[in-house]
Amino acid sequence: MTADRRGPTSANGSGERPFLDVSDLRVQFPTDDGVVKSVDGISFALERGKTLGIVGESGSGKSVTSLSLLGLHRRADRKGRGGARISGEIWLDGQDLVTASPEEVRRLRGEKMAMIFQDPLSAMHPFYTVGAQIIEAYRVHNKVSKSVARKRAIELLELVGIPQPNTRVDDFPHQFSGGMRQRAMIAMALVCNPRLLIADEPTTALDVTVQAQILDLMRDLQREFDSALILITHDLGVVAELADDIMVMYGGKAVEYGTAETVFRQPEHPYTWGLLGSMPRIDREVQERLSPIRGNPPSLINVPSGCAFHPRCPYTAETGGRSDTEIPLLAATSPGHLVRCHLGPARRQEIFAEQIRETL
Amino acid sequence: MLTFIVRRLFAVVGLLLVVALVTMVIFYEMPQWGGQTPATMAVQYVGKQPSPAAIQGVIHRFGFDRSFPVQYIDYIRTIVTGTTFSDGTQDIACHAPCLGYSFRNYQQVWPTILSDLPVTLSIAVGAGVLWLFFGVASGLASAVRKGSLLDRASMVTALLGISLPVYFLAPLLSLPLAYRWSILPAPGSYVGILSDPGQWFLDMILPWTCLAFGLAALYTRLTRAGMLDVLSEDFVRTARAKGLSERRVIFKHALRAALTPIITIFGMDFATVLGGAVLVEITFSMKGIGFLAITSIQNGDFPMMMGVTLFAAAFIVLANLLVDVLYAVADPRVRL
Ligand SMILES: Nc1ncnc2c1ncn2[C@@H]1O[C@H](COP(=O)(O)OP(=O)(O)O)[C@@H](O)[C@H]1O
Ligand code: SF4
Ligand SMILES: [Mg+2]
């Protein structure tokens, strides 16, 4: 996998390690019902200024992935109980976060890497003003007076498009509208100028009209701050315009990984086809707009044998019985385009061209 | 906020009027439904061979010769305006708030309550500090180290605390500490805080401990459950994501949210204790409000019973009001 060490868009062959380099990340939670394999060996890379979209239905391990980047999982003890078992490597700017001490990771959190959460109402403390929460985020990592931090908070609120930031800074989160709250959350994440920004379903809790504004804002800010952005969503439509690379996750694994252009124009994994087919589009008739993938997301405790997607896949008959016995490898079909499926590349391209494209 | 408080104060008055009505029905009317007559009730207050005139006098003093509504209105009016009683030999001026006159111990109700209040107040304040502090501290530690030895030990202690009544705990502690080794004063000893603060403190240790133990146990469980809830909240994860130290995450973010409902429960429990820590006062023979309530019930001292009940009720409804106001101050989402 040396060819894609730098991610699909930024493969450049130089020996230098990418800004963010995740390899073979596994996150497992021991529970009473069994071990939950939430993330099962994913690898990706991302440079500053680039955006990676991680897409998948709920329960595919997207949030667990992002939380492990920030070191926010409670780690299991030496016996492997009471928390997440994490293995693999997460290199951020030359430092491995998996083996770093909790204190080292804490110092990077909010400073070098920051996160925007899904529901800004529950993600902000109800008892502190928006300003106080941004000020706090700034002062953990910057030894400045309260008034300096307050100026910075107002500046950030203005930057993310909050009207009258001078007065709104003293409002409580519940006094903001949903969209304004998410803007404030973004301001809080950006206050220390982080080089890696992770947004976990940042628009899922918002109205459709507000969604577009927030996405525009994130794109502008990412350009301004030149940060690496990981945009997590269950909706391919959200990443269509923003992402440089897209990784499609299913059952804790990457099933397709490539540039956004490739994943949208030449998708090769049956699950990606399903996601594209269930994408709401304005130019489609209402009744044929949504055709969700049949069946349910897999259990991550008893993952289906072979390809985890096989109980829902219409093409299992074409793989000579391998779909439910043998786990397919994530293999390159062209440089920078990885697909995990037993169907041969030629057959996949044929199916897409003949049966899928016209339905999208 | 101000209009809320004023409106609630009116409600408080209305509620107390109802409490007075209900207690009056219970203490004055219900015995008569059970076959008692004013005469049989009055007879207890007169000597061995009561003369009809003496009985009539008592009936008149209690107001049993008037209709119930008149008695009730008289009682309320007396609270506001005061009155003059006659115990048969002399007139006694009873100033507002006049809660009546006890013909049992020849004392006015309100001053008696006021003079017994410091004892109850001593018990309540000390025990309140103890149970709130230890309850919250051990609940917090349990929640943060959930499943650890410390957590399990504190849960067992809490279970013990909840199941041990004061009258069991009191001898358990005082037999060794007070009687065997004389480290602490024996139950029954009490001096006011003003006359000897040091001795007062020593005297109070056992009553405080006995009362606080069970309540601390309850607050341990409340705090633990509340903290566990809050620790899984998104805003705690956000606090961690900002890179705050774990200490700051726990105290400034999680505890701040978990404590708000606990403080309001504390307000109610504290008010209940102020209305008489009955078991502790009886067990340690401390003449506080609870002790007064029990003795006046035993003596059939109607005015005293009425007075103490109203007093305790007033504490609870006022504490309720205070708690609501505090809640609004603590939680910016609540608007009054
Ligand atoms: N702390 C945890 N303990 C046990 N299981 C967990 C934990 N966190 C997440 N999971 C499980 O991991 C799987 C992936 O979850 P998640 O990453 O949140 O999915 P999503 O892609 O919707 O963000 C889910 O099945 C979830 O139940
Ligand atoms: S491996 Fe088989 S089941 Fe899995 S996606 Fe490919 S065809 Fe479908
Ligand atoms: Mg998620």
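Q: How far is an oxygen atom of ligand 1 from a polar backbone atom of Ser60(A)?
A: This is a predicted model, where local features need pLDDT of at least 70 and side-chain atom pairs need 80 or more, while totals for chains, interfaces and linings use all residues; side-chain values use heavy atoms, without hydrogens or water. Residues are numbered from 1 along each chain as its sequence is written, chains are lettered from A and ligands numbered from 1 in the order written. A polar contact is a pair of N or O atoms within 3.5 Å (within protein, one must be able to donate a hydrogen and the other to accept it, and residues adjacent in sequence count only if both atoms are side-chain atoms). For Ser60(A), the distance is 3.1 Å.

Q: What percentage of ligand 1's exposed area does the protein bury?
A: The side chain of Ser63(A) has an N or O atom 2.7 Å from an oxygen atom of ligand 1. Taken alone, ligand 1 exposes 560 Å² (Shrake-Rupley method, 1.4 Å probe). The share that the protein buries is 63%.

Q: Which two cysteines does a disulfide join?
A: A disulfide is a covalent bond between the sulfur atoms of two cysteines. Here the rule is a pair of cysteine sulfur atoms within 2.5 Å, and the count over all chains is one. With its sulfurs 2.0 Å apart, the bond joins Cys94(B) and Cys98(B).

Q: Is Cys98(B) buried or exposed?
A: Buried means under 20% relative accessible area, exposed over 50%, and partly exposed in between (1.4 Å probe, protein chains only). Cys98(B) has 1% relative accessibility, so it counts as buried.
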